[in-house]
Amino acid sequence: MEIDIPEKVRQIISRLEESGHEAYAVGGCVRDTLLKRRPQDWDVTTSASPEEIKGLFSRTIDTGIEHGTVTVRLQKESFEVTTYRIDGTYSDRRHPDHVEFTKSLKEDLRRRDFTINAMAYNPTRGLVDCFQGIQDLREGRIRCVGNPRERLREDALRILRGIRFAAQLGFQVEAETAFAMKELAETLREISAERIQAELVKLVTSPNPQMILKGYELGITGAILPEFDAMMETEQETPHHNCSVGLHTVHSMENILPEKSLRLTMLLHDIGKPARKTMDESGVAHFKGHGAVSEKMAEHILKRLKFDNETRQKVTKLIRFHDDRIKAEPLAVRKGMHRIGKDLFLDYLKVRMADTLAQSSYKREEKLENLRRVQEIYEDIIQKEECVSLKELAVSGKDLIAMGMQPGKEMGETLEWMLEQVLEHPQWNSREKLTELAAQRKESFQQKEDGI
């Protein structure tokens, strides 16, 4: 079997071989190439020691030399080259305490997580597949190399990685591997928040975000996102819904673009519903105030998982407004754009659309038609460049100062008042008209003060 590998990778392999060493492209790059996907990185494994690798290339970085990894730089590109190794014990459930270098490629492949990641390729020797990775690729299966309990005990993050790979590739987790995942799911609590965050983002932005349900089934979400389990266990006895909060959440993720902030918004938009559920005398569920609770809980979860400020701010703001119903009228849309933010309004519509599509058929078409009309009005407002924020007003604080107004509360209130007028009458957003309105308002205030 022949695999097309980049020229620079061939150069690295050739130089190592010319010096009497074995060398192979290995891991995810081989897997992705066999799946006709474009690898993000190309890694090389070799029988050469780290010192020998460094001696063969002019530009290297000691990326993880204690574990045998050297980064080779070729014309501004980086490639990790790692010595064949056998891993020692993993006392922190993440990294081996020590490694032992070996001359056996098979021993190096044996330590890897899943069979589909344990294949190596050399342009002259071909594909090395000691653990039936090709068969698992063909059958769409995620299976640990060797004993799954041993592999997952070594590095608990592999439990979540397995689900993430299944989501990205559209695969299923092999039964024995799944059993071991469930047995060891609680060990994920020992993994750093940053590592959990990275895998969770890859899972929810994958083509199959519904694989989070497998995570729930195996107890994985209970360890990393217990709030999701509460949603799965909360039914929605209301005409607007026909499934639990958790299933609705998953369907909403499936109905939105695979962009990080959007998928995270849908994952967390109803996270507050379990805490706000009440039942009326008719047996109908209500979740009053769940938006504010969801926003607060999402902020806590995103901080716990060490998300950056920009992501937290965008996601929580979208959650705050996710249940806002805007009438399909120009004034209502302009006010909505001002309230939510012009830069975020289109994402708000995407969130509302995904949320609606994940609800029951009750009044669904009516809701969707409203959203379509709101988007049409939004696009018309954008095309006409109508004012929806203070920074778009035709006058500024400097203009008011030039009219004799002192900076302070009065100026701020006047600018807000002028924006209200412009939201209702977009054609008034001109320097001449707003100056006239400001003068009239000032005169009116003065007359009130004089008792006229």
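Analyst: Helix 11 gives the most to the lining of the largest cavity, with three residues. Keep in mind that this is a predicted model.

User: How many cavities of 30 Å³ or more are there? And what is the volume of the largest cavity?

Analyst: The count is one cavity of 30 Å³ or more. The volume of the largest cavity is about 50 Å³. Leu160, Ile163, Leu200, Leu203, Ile212, Gly215, Ile220, Thr221, Ile224 and Leu225 form its lining. Two or more of these residues come from each of helix 7 (157–169), helix 9 (193–204), helix 10 (212–217) and helix 11 (220–224).

User: Now pockets. What volume does the largest pocket have, and which residues lie nearest its centre?

Analyst: The largest pocket holds about 1,600 Å³ of space. Its lining has 47 residues, and Gly28, Asp43, Glu80, Arg112 and Arg161 lie nearest the centre. By class, the lining of the largest pocket splits into 12 nonpolar, 14 polar and 21 charged residues.

User: Which element gives the largest share of that lining?

Analyst: Helix 7 does, with seven residues. Other elements that supply at least two residues each include helix 2, strand 2, strand 5 and helix 9.

User: What is the volume of the second largest pocket, and which residues are closest to its centre?

Analyst: The second largest pocket has about 540 Å³. Of its 25 lining residues, His240, Asp323, Arg325, Gln359 and Lys367 are closest to the centre. Strand 13 (285–286), helix 19 (345–357) and helix 20 (364–384) each give two or more residues to this lining. The classes here are four nonpolar, 10 polar and 11 charged.

User: Next, the nonpolar core. What is the general idea, and which residues touch the most other members here?

Analyst: In soluble globular proteins, nonpolar side chains tend to be buried together. In this model the largest nonpolar core has 111 residues, and Ile12, Leu16, Leu188, Ile220, Leu267, Val333 and Phe345 touch the most other members. Helix 7 gives the most to this core, with eight residues. A second, separate core has 10 residues, among them Val26, Leu105, Ala120 and Val128.

User: What does leucine 16 touch, beyond residues up to four places away in sequence?

Analyst: Leucine 16 touches His21, Ala23, Val44, Thr46, Ala48, Ile53, Leu56, Phe57 and Val81.

User: Is threonine 82 buried or exposed? And what is it in contact with, leaving aside neighbours within four places in sequence?

Analyst: Threonine 82 lies in strand 5. Its relative accessibility is 11%, so threonine 82 counts as buried; the cut-off for buried is under 20%. Its contacts are Val44, Thr45, Thr46, His67, Gly68 and Thr69.

User: How do I read a phi angle, and what is the phi of lysine 36?

Analyst: Most residues other than glycine have a negative phi. Lysine 36 has a positive phi of about 60°, although it is not a glycine. Lysine 36 sits in the loop between helix 2 (28–34) and strand 2 (43–46). With a relative accessible area of 78%, lysine 36 is exposed.

User: Where is lysine 76, and what is its phi?

Analyst: Lysine 76 is in the loop between strand 4 (69–74) and strand 5 (77–83). The phi of lysine 76 is positive, about 70°, and the residue is not a glycine. Lysine 76 is exposed, at 73% relative accessible area.

User: Last, the cysteines. How many disulfides does the structure hold?

Analyst: A disulfide is a covalent bond between the sulfur atoms of two cysteines. This structure holds zero disulfides. For cysteine 130, the nearest cysteine sulfur is that of cysteine 29, 16 Å away. The cut-off for a disulfide is within 2.5 Å, so cysteine 130 is in no disulfide. For cysteine 144, the nearest cysteine sulfur is that of cysteine 130, 17 Å away. Cysteine 144 is in no disulfide either.

Key. Residues numbered from 1 in each chain as written. Predicted model: local features only at pLDDT ≥ 70, side-chain atom pairs only at ≥ 80, totals over all residues. Heavy atoms only, no water. 1 Å grid on protein atoms, 1.4 Å probe; cavity = no way out; pocket = protein on both sides within 12 Å on 5 of 7 lines; lining within 4 Å. Points joined across faces, edges and corners; volume = space filled by probe spheres on them. Helix = DSSP H or I, 4+ residues; strand = E, 2+ residues; numbered from the N terminus. Buried < 20%, exposed > 50% of the residue type's maximum accessible area, 1.4 Å probe, protein only. Core = buried A, V, L, I, M, F, W, Y, C linked by side-chain atoms within 4.5 Å. Contact = heavy atoms within 4.5 Å. Nonpolar A, V, L, I, M, F, W, Y, C, P; charged D, E, K, R; others polar.
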